[in-house]
Amino acid sequence: MNTTETLPGTDFNSGLFKLKFRAMGTVCHLAYTSGSLREAEDFRGAVLEFVRAYEKRYSRYDPDSLVSAINRAAGSHPVGITAEDSAMFDLCASLHFITDGVFDPTALPLAKLWDFRTRKSVPSSGAIQEAVKKVGWSRVERTSDSLFLPEEGMAIDLGGFGKEYAVDRVAGMVRDAGISAALVDFGGDVFAVGHPPDADTWRVGVEDFKNPGKPFCLLGVGDLAVATSGNYLRSFESDGRLYGHIIDHRRGYPACDTPASATVVAGSCTEAGVLATCAIIEGPREGLSRIEGVYGAEGCFRGAESLYTTNHFSNHAYRDEN
């Protein structure tokens, strides 16, 4: 993790301490209340220490991470895991189950094949089908203290929910520290604890994919998470079709051939993020139906010329009462 900026002092206009740093390939922001500068500094240090250790343990880009070790050992031998690691993989299994397999942490072979950092053309159908054969969470062999990918070339990637889960963990740290209000924002994946000192809710902007960097709408949330998934930032066009980075591993191809984004408000950032991604993969009707099946979750799907929402998504729209 590369820390680029920390602001230990308080923002006297808002009554908030603020922290900004870079981790997990994005810019992370944390705003929080605290009873003293000392407590604020201690909490800042605890958050940075947690995120640094978390990224080092679970990033597929770190050659020394657990995930890299598991992927190197595919088809060869099991890799030992801790109780905390086992809890992460329990979560993988739960997310795979509740999404009926739409979310699959073993889809990395496809992500590598469609590498959107460099690819500008569609892979061959043969290469796609070979990659599809390497995907399948149900094939992963787990014990309480080990995990094994049984075929060479299989690989896991926790990026489908890892950043959102880190947001949830930091929100838990907020509560454990007795902090009454905080906004945890890791690259647009957000958990709002309580409410800021000067308002009834936290305001969270949903990016407009037609005008990146500007909000499409503002949500007012407290003790809830918000996550947005979209196929418009990492993509390429070929023969008039858009190929975005969100891949439907069941077919081996990107999920949607037009620009789209899905935003979910839910009780955890992990839920919100996975449901938003599933909405892109499944499309607005199936995706929003899945969101409505999760207690307390609401969502919005925006296409190039369309807008779909769950029944009560508008309840979260920010309304300035002043």
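# Questions about a predicted model

Guide: In this predicted model, residue S238 has its place in strand β12, which covers residues 235-238.

Visitor: Is S238 buried or exposed?
Guide: The relative accessible area of S238 is 17%. Since a residue counts as buried when that value is under 20%, S238 is buried.

Visitor: Which residues is S238 in contact with, leaving aside its neighbours within four places in sequence?
Guide: Here the neighbours of S238 within four places in sequence are set aside, and contact means that heavy atoms lie within 4.5 Å. On that basis, the residues in contact with S238 are V122 and Y243.

Visitor: How are helices α6 and α7 directed relative to each other?
Guide: Two packed helices are described by the angle between their axes and the distance between the axes. The axes of α6 (residues 162-176) and α7 (residues 269-282) come within 7 Å and cross at roughly 160°, and the crossing is right-handed. Because angles over 145 degrees count as roughly antiparallel, α6 and α7 are roughly antiparallel to each other.

Visitor: Which residues of α7 are met by residues of α6, and how do the residues of this contact divide?
Guide: From α6, the residues E164, Y165, V167 and D168 take part, and they meet C269, T270 and G273 in α7.

Visitor: How many residues apart in sequence are the parts that the pair of F103 and F161 ties together?
Guide: F103 lies in the loop between α3 (83-98) and α4 (108-113), while F161 lies in the loop between β6 (146-148) and α6. Both F103 and F161 are buried. The pair therefore ties together parts whose separation in sequence is 58 residues.

Visitor: Which residues are linked into a cluster by ring pairs?
Guide: F103 and F161 belong to this cluster, and so does Y165, a residue of α6 that also takes part in the contact with α7.

How values were computed
Residues numbered from 1 in each chain as written. Predicted model: local features only at pLDDT ≥ 70, side-chain atom pairs only at ≥ 80, totals over all residues. Heavy atoms only, no water. Axes fitted to C-alpha atoms, helices over the stretch in contact; angles between N-to-C directions. Helix = DSSP H or I, 4+ residues; strand = E, 2+ residues; numbered from the N terminus. Parallel < 35°, antiparallel > 145°, perpendicular 65-115°, else oblique. Left-handed = near helix turned anticlockwise from the far one by under 90°. Buried < 20%, exposed > 50% of the residue type's maximum accessible area, 1.4 Å probe, protein only. Phe/Tyr/Trp six-rings, centres within 6.5 Å; stacked < 30°, edge-to-face > 60°.
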